[in-house]
Amino acid sequence: MKKIVVLVSGNGSNLQSIIDSCQQNRINGSISAVFSNNADAYGLKRAEQTYIPAHFIDPKGYADRTRYDIALLKAIDQYQPDLVVLAGYMRILSPDFVRHYHGRLLNIHPSLLPKYPGLHTHQKAIANGDKEHGTSIHFVTEELDGGPIILQAKVPIFDGDKEEDVIGRVQTQEHNIYPLVINWFLNGRLAMEGNTAIMDGKVLPPQGYASE
């Protein structure tokens, strides 16, 4: 069975959707371990509750980001993962880490990339008067939130919406599409070649897969 390692920093709702999908055989694989840079991340509790090895690696114990990431990848590699999944992992990864997992490192970002990379995406969408918002799953490259997009999901923004309203809609979509993309990868349908996402042998367009 294919092995997944998940990185989290907070609540871990996307991690939970991946755990549930593995248990329901909607993902052809299993989570071997969960890692976090935050000792209080509820995602670690979610892992422990389902008997998945959960590890906190303290950034304060390392002189810089590069040294931390070297320690992290060495710990991850003990599990020999086929895929490393970022699920609300809030640290910028060093180039060495990204290169080490080139082509098998996924992230989910709460915006319709390339719009709104970085933080506070929901606030920005509301403040700018956007009528739609969404989420993007992409391969990770050294460019922040800039790797090739695999799949996006859109949600509406209505007049009078507060940030939590938009967050709820976006997370509902995330919980549906992240397990789907993970399963595509583990089943060999999805790959990264150069700086391009390939699905079923075909190059995906800039905004990712769109069903006909």
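User: Which residues have the most contacts inside the largest nonpolar core?

Analyst: They are Ile4, Val6, Ile31, Val34, Ile150 and Ile182, in a core of 36 residues. Helix 6 (residues 163-186) gives the largest share, seven residues. This is a predicted model: local features need pLDDT of at least 70, side-chain atom pairs count only at pLDDT 80 or more, and totals for chains, interfaces and linings use all residues. Residues are numbered from 1 along each chain as its sequence is written, and side-chain values use heavy atoms, with hydrogens and water left out.

User: What makes a set of residues a nonpolar core?

Analyst: The members are buried Ala, Val, Leu, Ile, Met, Phe, Trp, Tyr and Cys residues, joined through side-chain atoms within 4.5 Å. A second, separate core has 20 residues, including Phe35, Tyr68, Leu72 and Leu105. In soluble globular proteins, nonpolar side chains tend to be buried together.

User: Why is phenylalanine 139 called buried?

Analyst: Buried means under 20% relative accessible area (exposed is over 50%, partly exposed in between; 1.4 Å probe, protein chains only). Phenylalanine 139 has 0% relative accessibility, so it counts as buried. Phenylalanine 139 is found in strand 6 (residues 132-139). Strands are DSSP runs of E, at least two residues; helices are runs of H or I, at least four; both are numbered from the N terminus.

User: Which residues is phenylalanine 139 in contact with, leaving aside neighbours within four places in sequence?

Analyst: Contact means heavy atoms within 4.5 Å. The partners of phenylalanine 139 include Gly103, Leu105, Ile150, Phe185 and Met192.

User: How do you know that helix 1 is mostly covered?

Analyst: Eight of the 11 residues in helix 1 (residues 13-23) are buried. Among them are Leu15, Ile18, Ile19 and Cys22. The buried residues of helix 1 pack against several elements, including strand 1 (2-8), strand 2 (29-36) and helix 6. Asparagine 25 follows helix 1, with a positive phi near 60°.
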